[in-house]
Amino acid sequence: QVQLVESGGGLVQAGGSLSLSCAASGRTFSNSLMGWFRQAPGKERVFVAAIGWSGSTTYYAGSVKGRFTISRDNAKNTVYLQMNSLKPEDTAVYYCASTSGFIGSNAVSSSRSYDYWGQGTQVTVSS
């Protein structure tokens, strides 16, 4: 089993920045992909960003590309999401997720590809 714990959420004004962290514990899997998803009230959970095991491959949703940066530190079993130029529409609960192995690039943005999930952390961007 893998446990994921997010931290770093909070309230920020539009144009500001926040950094999220996700600490993983328990069993870890080589070639696993780590991702961030978000869910706004009354909406479905959607893909935000993901990063491959080595950290050299990253994926972003179009709505955050150029503003958000995902990174990981395998020595610390932690993945990060640096969020800059935040907008009110970025307001959501942000979830960290992990696959249990390799997945194809065409499956990266699907929540069904991920086997483990954190409890989520609230990000609120005021206008």
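The following exercises, with worked solutions, concern a predicted model.

**Exercise 1.** Determine where Gly8 is found, and whether Gly8 is buried, partly exposed or exposed.

*Solution.* Step 1: Begin with the strands. Strand E1 covers 2–7 and strand E2 covers 10–13, and Gly8 is in the loop between them.
Step 2: Take the relative accessible area of Gly8, which is 36%.
Step 3: Apply the cut-offs. Buried means under 20% and exposed means over 50%, with partly exposed in between. Gly8 is therefore partly exposed.

**Exercise 2.** State which residues Gly8 touches, leaving aside residues up to four places away in sequence.

*Solution.* Step 1: List the contacts. With that exclusion, Gly8 touches Leu18, Ser19, Leu20 and Thr121.
Step 2: Consider one of these partners, Leu18. Gly8 and Leu18 are 10 residues apart along the chain, and 7.2 Å separates their C-alpha atoms.

**Exercise 3.** Identify the residues of the largest nonpolar core that touch the most other members, and the strand that gives the most to this core.

*Solution.* Step 1: The core contains 35 residues, of which Trp36, Leu81, Met83 and Tyr94 touch the most other members.
Step 2: Several strands supply at least two residues each, among them E1, E3 (18–26), E4 (34–39), E5 (45–51) and E11 (121–126).
Step 3: The most is given by E5, with 5 residues.

**Exercise 4.** Describe the largest pocket and its lining.

*Solution.* Step 1: The space in the largest pocket is about 170 Å³.
Step 2: Its lining comprises 13 residues; Asn31, Leu33, Gly52, Trp53 and Phe102 lie nearest the centre.
Step 3: By type, the lining has 6 nonpolar residues, 7 polar residues and no charged residues.

Definitions and conventions. Residues numbered from 1 in each chain as written. Predicted model: local features only at pLDDT ≥ 70, side-chain atom pairs only at ≥ 80, totals over all residues. Heavy atoms only, no water. Helix = DSSP H or I, 4+ residues; strand = E, 2+ residues; numbered from the N terminus. Buried < 20%, exposed > 50% of the residue type's maximum accessible area, 1.4 Å probe, protein only. Contact = heavy atoms within 4.5 Å. Core = buried A, V, L, I, M, F, W, Y, C linked by side-chain atoms within 4.5 Å. 1 Å grid on protein atoms, 1.4 Å probe; cavity = no way out; pocket = protein on both sides within 12 Å on 5 of 7 lines; lining within 4 Å. Points joined across faces, edges and corners; volume = space filled by probe spheres on them. Nonpolar A, V, L, I, M, F, W, Y, C, P; charged D, E, K, R; others polar.
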